[in-house]
Amino acid sequence: MSTLFTGLHRAITTEMVHLLVENNFGTATKVKGYALLQGGLFNTTYRIQLEHADYSDVILRLAPEGTDPLMGDTDDPLFSFERTMMAAEPVVYEKYQKAGIPAPNVIVCDDSGSVIPRTYMFMEFIPSRQLDHSSISLSEKERLYRQLGEYTAAMHQIEGTSFGWPQGDGTMKGSDRWSEVLIAFAQETASKAARVGYMPGVGEQITNMFRNHRELFDQVTVPVLVHNDLWEANVLIHGENDTLSIAAIIDGDRSMFADREFEAILSTAPPAFHEGYGQPLDMSDQGLARRHAYRILSSYFNAYVHEYQVDQPQDGQRFHQRTLDLMEQWKIMLEPYQ
């Protein structure tokens, strides 16, 4: 497989690290040391130690470099929501904090492109480990999942004015109808996949699935904030032994206002999470169908992204097959209504 797009996760020079520090913390601030953090495939992340009165340990995150949004989709490796999602992240974290959900402290976020043609942000470093760390015992993890369920329930109480993607200026990009957001997302994914001849015809089938069943998705009328990337690596833990607790829920840049059951963790989390969450899933035929359709769209999106955006073909093939399997199951679900 030949990757169409490369360089989403792209390091910057030492000179640029120093320039960004000076521009945001003052020319008197010294960089004591810095390191490129591993593990990310989309954003590029550094931990930087500073000599500064207020901040000594910070995180620098840089979004990928896309093309000018005015050029449209033709040659842009990024999806439309990906072009603006880091700029919206401080808005999302402010909502988290107001709801009592621990979140990173964003020092500054710059999407002007005046220093570097990438959106970037500085955040305070949080001494912590991720929820998937091997040192966390099963009993502690169960308690932490219960806490995560409580925080997720609080997140899903945050209502929006419409469905879609929050913007850095506090506005929304989306629609009053949930079906319209899903159709647009499916269409954009299908367009990018068709341009490279990937999974021919599948994107059109998925788009039509949402278009032909608009009324099913428009039964959801209240848009609530969902994290949209909530897994163990995005949950930071601090404390020791039996005092472990969640320090922050991070990487909120993919957050959107959606059906609460669009949050994928609701279908995969252990019982302890649901004990904390405290709200049953919609187990009606309509609720089951909506969640299944969300899984199809997520799997299709991930198949394309892993194959062509971040060059992880093995994961891409896994999501490819999962998409086809889920679509076959969808046909069986619809048989009684044919």
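Colleague: At what angle do H4 and helix H9 pack?

Modeller: Helix H4 (residues 178-195) and helix H9 (residues 285-309) pack at an angle of about 30°, with their axes 10 Å apart. Axes here are lines fitted to C-alpha atoms, for helices over the stretch in contact, and angles run from 0 to 180 degrees between N-to-C directions. Helices (H or I, at least four residues) and strands (E, at least two) are DSSP runs, numbered from the N terminus. This is a predicted model, in which local features need pLDDT of at least 70 and side-chain atom pairs count only at pLDDT 80 or more, while totals for chains, interfaces and linings use all residues. Residues are numbered from 1 along each chain as its sequence is written, and side-chain values use heavy atoms, with hydrogens and water left out.

Colleague: And how do H9 and helix H10 cross?

Modeller: The axes of H9 and H10 (residues 313-334) come within 8 Å and cross at roughly 155°, which means that H9 is roughly antiparallel to H10 (angles over 145 degrees count as roughly antiparallel, under 35 as roughly parallel, 65 to 115 as roughly perpendicular and the rest as oblique).

Colleague: Switching to rings, how many aromatic pairs are there?

Modeller: A search of the whole structure finds 22 aromatic pairs, where rings of Phe, Tyr and Trp (its six-membered ring) pair if their centres lie within 6.5 Å, and planes under 30 degrees apart count as stacked, over 60 as edge-to-face and the rest as tilted. One of them is the edge-to-face pair of Trp178 and Phe262, at 5.3 Å centre to centre and 90° between the planes. Trp178 lies in H4 and Phe262 in the loop between strand E12 (256-258) and helix H7 (265-268), so the pair ties together parts that are 84 residues apart in sequence.

Colleague: Are Trp178 and Phe262 buried or exposed?

Modeller: Both Trp178 and Phe262 are buried (under 20% relative accessible area, with exposed over 50% and partly exposed in between, for a 1.4 Å probe and protein chains only).

Colleague: Which ring does the charged end of Arg47 sit over?

Modeller: The charged end of Arg47 sits over the ring of Phe125, 3.7 Å from its centre, a call that needs NZ of Lys or CZ of Arg within 6 Å of the ring centre and within 35 degrees of the ring normal. Arg47 also stands opposite Ile59 in strand E3.

Colleague: How does E2 pair with E3?

Modeller: E2 (residues 44-51) and E3 (residues 57-62) pair in the antiparallel sense over 6 bridges, given that two strands pair if DSSP finds at least two bridges between them. A hairpin joins E2 to E3 through 5 residues.
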